[in-house]
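Thanks for passing this one along. Here are my notes, written for reading next to the coordinates.

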Amino acid sequence: MPLLTQNKRIERVSSTAELFSKHPHLKESAKQFASRSPESVDPKHLLYVQQREFAATTPADNSVSILGSDDATTCHLVVLRHTGSGATCLAHCDGSSTWTEVPLIVNAVTSRSNPAKEGRLELHLVGGFDDDKRTSHSLSLSILAAFQKQKEEIHLETCCITDMNDIIKDGIHRPVVYGIGVNVKTGHVFPAMFTCRGPAEELRSARTFSGGQMVEVYDSSRELVKIGPCRWTPNNDMAFWLSQDDETILQYLSTSPNAEPPHFVHHIKSTIQFLLDHPTADGLFPAGQPHLYCRAEDGRWKRV
């Protein structure tokens with residue numbers, strides 16, 4: 001089935017500029033979205049989604065009101081929601097395996113929706129910017145093409161991507177919106193910022209840094225965050241990076257060295273240190289069991 005906007009089919013495009021030229025209302029809504037100030041999200045209601053992760057839930061969830069993610073430069077943040085069931089999925093896509101990731105996102109929503117219930121699938125895409133290597137541009141086109149290939153009819157509502165999410169500061173291109181949240185009770189999608197990126201922030205970052213693929217991190221039926229079990233192999237050569245200056249780390253370990261948020265280098269170094277402290281993941285997952293976290297009374301995620 002096609003990808004639609006205003007009930008019209010979106011045909012394959014060769015550039016994001018062509019998309020916005022053919023569908024000027026998407027350009028206008030992207031401008032409006034990008035003009036909004038980011039909202040600070042209360043960690044007590046948040047499930048934070050890291051790079052190469054996705055999470056889905058429904059309005060009946062008593063532990064999660066907001067799904068959120070940030071630190072997207074060339075990455076794209078994807079929200080898919082069924083208007084009838086309210087089932088909502090947020091994914092943080094980096095282009096590692098878009099064509100296998102998009103079906104996971106669609107299934108996460110359709111499997112939580114009664115097929116007989118009225119409503120439609122609505123898609124919101126935010127992220128990327130006009131980067132030199134055109135990494136964002138390629139990812140934008142891949143994600144659009146992958147959604148066009150799904151059997152479900154999907155309606156593109158927000159498309160604040162690449163050239164429409166770009167600003168030039170001091171002669172350097174950067175994203176306007178780095179992070180978003182979606183209210184799973186209402187479906188409201190908004191620019192967002194976060195003070196908390198847990199639970200198990202370093203463990204989850206280590207999984208992605210060491211090549212882990214897109215993974216679901218939430219069991220909505222039990223209202224539990226589920227991490228792992230993960231696998232990686234020892235790599236002592238990584239210690240080299242801990243002695244490097246910020247500029248070197250940005251140049252070699254980022255897809256967009258001039259556009260990263262201020263905490264990027266600290267985040268990379270803490271992730272590398274975690275991997276050096278845990279050369280294999282086996283000891284972190286006794287008997288191959290995942291880490292489970294439930295929402296505690298004080299609002300934090302607590303290890304079960």
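This is a predicted model: local features need pLDDT of at least 70, side-chain atom pairs count only at pLDDT 80 or more; totals for chains, interfaces and linings use all residues.

Residues are numbered from 1 along each chain as its sequence is written, and side-chain values use heavy atoms, with hydrogens and water left out.

1. Start with asparagine 183, which sits in strand β13 (residues 180-183); helices (H or I, at least four residues) and strands (E, at least two) are DSSP runs, numbered from the N terminus. Its side chain comes to 3.2 Å from the backbone nitrogen of threonine 186. Leaving aside residues up to four places away in sequence, asparagine 183 touches Ser65, Ile66, His188 and Phe190 (contact being heavy atoms within 4.5 Å).

2. How many disulfides does a search of the whole structure find? The count is 0, a disulfide being a pair of cysteine sulfur atoms within 2.5 Å. Cysteine 75 is in none, and the nearest cysteine sulfur, that of cysteine 93, lies 8.3 Å off. Cysteine 89 can't pair up either, because its sulfur is 8.7 Å from the closest cysteine sulfur, in cysteine 93, and that is too far for a bond.

3. Are cysteine 75 and cysteine 89 buried or exposed? Cysteine 75 is buried, at 7% relative accessible area, and cysteine 89 is buried too, at 0%. (Buried means under 20% relative accessible area, exposed over 50%, partly exposed in between, with a 1.4 Å probe and protein chains only.)

4. Now the peptide bonds. Most residues other than glycine have a negative phi, and most peptide bonds are trans. The bond from glycine 198 to proline 199 is cis, with omega near 0°, and proline 199 belongs to the loop between β14 (189-193) and α5 (201-209). Glycine 228 and proline 229 are also joined by a cis peptide bond, omega about 0°; proline 229 is in the loop between β17 (224-227) and α6 (239-242).

5. On phi, have a look at threonine 162: it isn't a glycine, yet its phi is positive, about 50°. You'll find threonine 162 in the loop between β10 (154-161) and β11 (166-169), where it is buried at 2% relative accessible area.

6. Aspartate 170 has a positive phi as well, near 55°. This residue lies in the loop between β11 and β12 (172-175), and at 77% relative accessibility aspartate 170 counts as exposed.

Methods:
A polar contact is a pair of N or O atoms within 3.5 Å; within protein, one must be able to donate a hydrogen and the other to accept it, and residues adjacent in sequence count only if both atoms are side-chain atoms.
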